[in-house]
Structure formats: C-alpha cells, structure tokens
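Hello,

Here is the structure you will be taking over. Please open it first, then read my notes below.

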Amino acid sequence: MPVSTARSTIDDACGEAFDKVAKLLGLPYPGGAEVEKLSREGHEDIAFPVPDPGGFDFSFSGLKTAVLYHRRDHPDAPRADVAASFQRAAVAAVTKRIEQGVRKTGFRVVGVSGGVAANGYLRERLAELARRHEFKLLIPRPVFCTDNAAMIAAAGIERFARFGPSPLDLPAAARTPLA
C-alpha cells in the first residue's frame with residue numbers, strides 16, 4: 001500500500017473535528033463525549049457531506065464548514081439533530097477508510113485508538129464492519145481511549161528529557177518515518 005511522502009500535516013483528526021463541532025454547538029471542551037451524548041437525543045436527518053479526500057487520508061474541514069454554515073443558516077435547528085448528523089458523517093468517513101484499507105491490504109486485524117475511539121456510535125459501526133469483513137477489531141476500553149494530544153505531549157516530555165529543546169523552526173511532519 002503506497003504511503004504519502006508529504007512532510008506536513010493535512011487536517012484535523014476526527015476527535016478534533018468533534019471538539020470543534022462541539023464548540024459550534026455551545027458544548028463544553030473536550031467536546032467528543034458531549035456531541036455523542038447530545039446526538040442520542042437527535043435525528044440523523046441533516047445531509048452533511050461524508051468527507052472523502054481520496055486514498056487513505058482523512059479531511060474533516062469540509063464537514064466542519066458544512067456544520068458551521070448549517071448553524072448560521074438554520075440557527076433554530078435542533079442542536080441534537082446537528083450533533084447526530086455530524087456524528088453520522090464523521091463516523092462514516094472513518095469506517096469507509098477502514099473498509100477500503102481492509103479490502104486493499106487484506107489485513108485481518110485493525111486497531112483503533114485516540115480519544116474518538118471511546119465514541120460508542122463509532123465503536124458500534126466498527127464492530128459491524130469487523131463482523132461483515134471478518135477482521136479482528138482491537139479497540140481499548142473507553143477508559144484507555146485518551147486524546148492523541150496527551151500521548152504526543154507525553155512523548156514530547158520524554159524527548160525533551162533525553163535531547164533537550166527542539167529548534168524553533170522545526171517543521172510539522174505528519175508522516176515522519178520511524179526508522
């Protein structure tokens with residue numbers, strides 16, 4: 001499977017999109033759990049776009065913009081419907097990429113992590129996908145689904161302790177090789 005050689009970040013992670021939509025809905029930070037909770041009271045009847053930048057990349061910018069414009073143009077729309085419809089589109093984007101990956105690679109084990117992995121709706125859709133495509137889904141219990149930012153911060157503290165500060169002109173690199 002070809003991997004992008006880009007040396008810069010592409011877009012927010014799924015969990016960050018949940019946080020930003022939570023802010024648009026007036027929900028507290030961190031917003032992922034709040035959006036999920038509110039979405040249980042709503043209907044998935046707003047046709048937000050399912051993000052599809054192509055390949056195996058993710059981009060939630062168009063979806064976040066669609067939510068922003070919907071809130072602007074329909075200020076009286078039930079927040080719960082907006083939350084449920086956003087969640088449906090965001091989760092559909094994730095499950096579509098995983099399904100594509102499993103089909104293309106033949107991998108029989110898929111791991112999911114990060115704060116958004118605690119989302120019950122996502123977990124249900126991933127379990128359905130795993131059953132349908134007969135792969136093993138590795139997903140931690142929700143208590144262990146921490147925000148990736150916390151993991152990056154912990155790695156940064158460890159790196160600082162070992163090597164000192166990084167230069168101020170250090171570029172962001174989303175796909176730095178591990179080797």
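Start with the surroundings of Arg-123. Beyond its neighbours within four places in sequence, Arg-123 is in contact with Ala-117, Ala-118, Ile-139, Pro-140, Arg-141, Pro-142 and Cys-145. Keep in mind that this is a predicted model. Arg-123 sits in helix α5, which covers residues 120-133.

Is Arg-123 buried or exposed? Arg-123 is buried. Even so, Arg-123 has no salt bridge. The nearest side chain of opposite charge belongs to Glu-36, and that is 8.0 Å away. A salt bridge needs a distance within 4 Å.

Now follow the chain out of α5. Glu-134 lies in the loop between α5 and β2, with β2 at residues 136-138. Glu-134 has a positive phi of about 55°, although it is not a glycine. How much of Glu-134 is accessible? Its relative accessible area is 67%, so Glu-134 counts as exposed.

Next, helix α4, residues 79-105. How far apart should its ends be? The helix has 27 residues, and at 1.5 Å a residue it should span 39 Å. Its end C-alpha atoms are 39 Å apart, so the two values agree. α4 is mostly covered, with 19 of its 27 residues buried. Just after α4 comes Gly-106, which takes a positive phi of about 80°.

One more backbone detail is worth a look. A cis peptide bond joins Tyr-29 and Pro-30, with omega at about -5°. Pro-30 is in the loop between α1 (14-24) and α2 (32-39).

Finally, the whole protein. There are 6 helices and 2 strands. From the N terminus, the order is α-α-α-α-β-α-β-α. Of the 179 residues, 35% count as buried. The accessible surface comes to about 11100 Å², and 58% of that belongs to carbon and sulfur atoms. Contacts reach along the chain too. Among those between residues at least 6 apart in sequence, 75% join residues at least 24 apart.

If you want a place to begin, go to Arg-123, buried and without a salt bridge. Then turn to Glu-134 and its positive phi.

Best wishes

Note on methods
Residues numbered from 1 in each chain as written. Predicted model: local features only at pLDDT ≥ 70, side-chain atom pairs only at ≥ 80, totals over all residues. Heavy atoms only, no water. Helix = DSSP H or I, 4+ residues; strand = E, 2+ residues; numbered from the N terminus. Buried < 20%, exposed > 50% of the residue type's maximum accessible area, 1.4 Å probe, protein only. Lys, Arg positive; Asp, Glu negative; His and termini not counted. Contact = heavy atoms within 4.5 Å. Areas by Shrake-Rupley, 256 points an atom, 1.4 Å probe, with all protein chains shown as cover. Expected span 1.5 Å × (residues − 1).
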